[in-house]
Amino acid sequence: MTIAPPAGTITLAGKTVSRLGFGTMRLTGPGIWGDPADRATAFSVLRQAVHAYGITHIDTADAYGPHTVEHLIHDALHPYPEHVLIATKVGLARPAPDTWVPHGHPVYLRACVEGSLRRLGVDRLELCYLHRIDPDVPVADQIGTLQALKDEGKIGHIGLSKVTPEQIRTVTNDTTVAAVQNVLNMSGDRHDPALELCRDLSIPYVPYRPLDAGALARQGHIDAALNWLLRLGDHVAPIPSTSSPEHLRQLVTVVTGARL
């Protein structure tokens, strides 16, 4: 049985995927550190997202755990269905729980990509984001490293995360940017000038923290929050995150209008 993609489709990194994606940051322990309390539930959430609800855009990062979620994705979903896009991010070091440090040295970025390839069990990262631009390393060196890995066939498409319009323009002068991932939600982060720039440049815009770290869900605003984002443009593809099967069902229900 073919499952209709939640919220329709978008072309991302050369694949037609569901506009409603799934962010996997919450599939860890407290502080986005270590294993989840219940690995079986984490497996169930991942499998339901893909096989029961038709979500074909799964977003992760080597920093989640660190490394925890990439292992979970592999164990739950590998071998990946051809129509599913597994996107990951590199360039944030994790010295402690709830601590995130940009680390854009070329040697570190290359090591991150090689590690993600092994953990996910793939020969190529179809979409690899620079998780943060490191202010202490020339941008050209950071993007140049990812471009070199792309030329080697280890990265399919390059994305940017938490970037300004100026940074997007700088990178797109020399490199094709497949997606931009910035925080955007109808609560405390309602405005991002990169949203319109991405529309003008035909770059998919992937809002992370679309429910304001769960605050909008706790207030009963899941429907309003996700549909507000989807109405901002056809180039918008939100990636809400959850560790709860029931919450996942709610996320899909509000964008499809179907009882699941």
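User: At what angle do helix α2 and α3 pack, and are they roughly parallel or roughly antiparallel?

Analyst: This is a predicted model. Helix α2 covers residues 68-77, and its axis lies 8 Å from that of α3. The packing angle is about 30 degrees. Angles under 35 degrees count as roughly parallel, so α2 and α3 are roughly parallel to each other.

User: Which residues make that contact, and how do they divide by class?

Analyst: From α2 come Glu 70, His 71, Ile 73 and His 74. Helix α3 contributes Ser 116, Arg 119 and Leu 120. By class, the contact of α2 with α3 has two nonpolar, three polar and two charged residues.

User: What is the strand order of the open sheet, and which strands are at the edge?

Analyst: The open sheet has seven strands with parallel pairing, in the order β3-β4-β5-β8-β9-β10-β11. An edge strand pairs on one side only. That applies to β3 (22-23) and β11 (205-208).

User: Which strands does helix α3 touch, and what angle does its direction make with that of β5?

Analyst: Helix α3, residues 106-120, packs on the sheet. It touches β5 (85-90), β8 (125-130) and β9. The angle between the direction of α3 and that of β5 is about 150 degrees.

User: How many bridges join β9 to β10, and which residue of β10 does Ser 161 stand opposite?

Analyst: Strand β9 spans residues 155-161 and strand β10 spans residues 177-183; the two run parallel. Four bridges join them. The residue opposite Ser 161 is Gln 181.

User: What is the volume of the largest pocket, and which residues are closest to its centre?

Analyst: The volume of the largest pocket is about 600 Å³. Its lining of 29 residues has 12 nonpolar, eight polar and nine charged residues. The closest to the centre are Met 25, Arg 26, Tyr 64, Tyr 208 and Arg 209.

User: Where does Arg 209 lie, and what is its phi?

Analyst: Arg 209 is in the loop between β11 and α7 (215-218). Although Arg 209 is not a glycine, its phi is positive, at about 55 degrees.

User: How does the lining of the second largest pocket divide by class?

Analyst: The second largest pocket holds about 230 Å³ of space. Its lining includes Lys 15, Tyr 80, Ile 86 and Leu 120. The division is seven nonpolar, no polar and four charged.

User: Which prolines follow a cis peptide bond?

Analyst: The bond from Gly 65 to Pro 66 is cis, with omega near -10 degrees, and Pro 66 sits in the loop between β4 (57-59) and α2. Another cis bond joins His 78 and Pro 79, with omega about 0 degrees, in the loop between α2 and β5. The prolines are Pro 66 and Pro 79.

Technical notes. Residues numbered from 1 in each chain as written. Predicted model: local features only at pLDDT ≥ 70, side-chain atom pairs only at ≥ 80, totals over all residues. Heavy atoms only, no water. Pairing = 2+ DSSP bridges. Contact = heavy atoms within 4.5 Å. Axes fitted to C-alpha atoms, helices over the stretch in contact; angles between N-to-C directions. Parallel < 35°, antiparallel > 145°, perpendicular 65-115°, else oblique. Nonpolar A, V, L, I, M, F, W, Y, C, P; charged D, E, K, R; others polar. 1 Å grid on protein atoms, 1.4 Å probe; cavity = no way out; pocket = protein on both sides within 12 Å on 5 of 7 lines; lining within 4 Å. Points joined across faces, edges and corners; volume = space filled by probe spheres on them.
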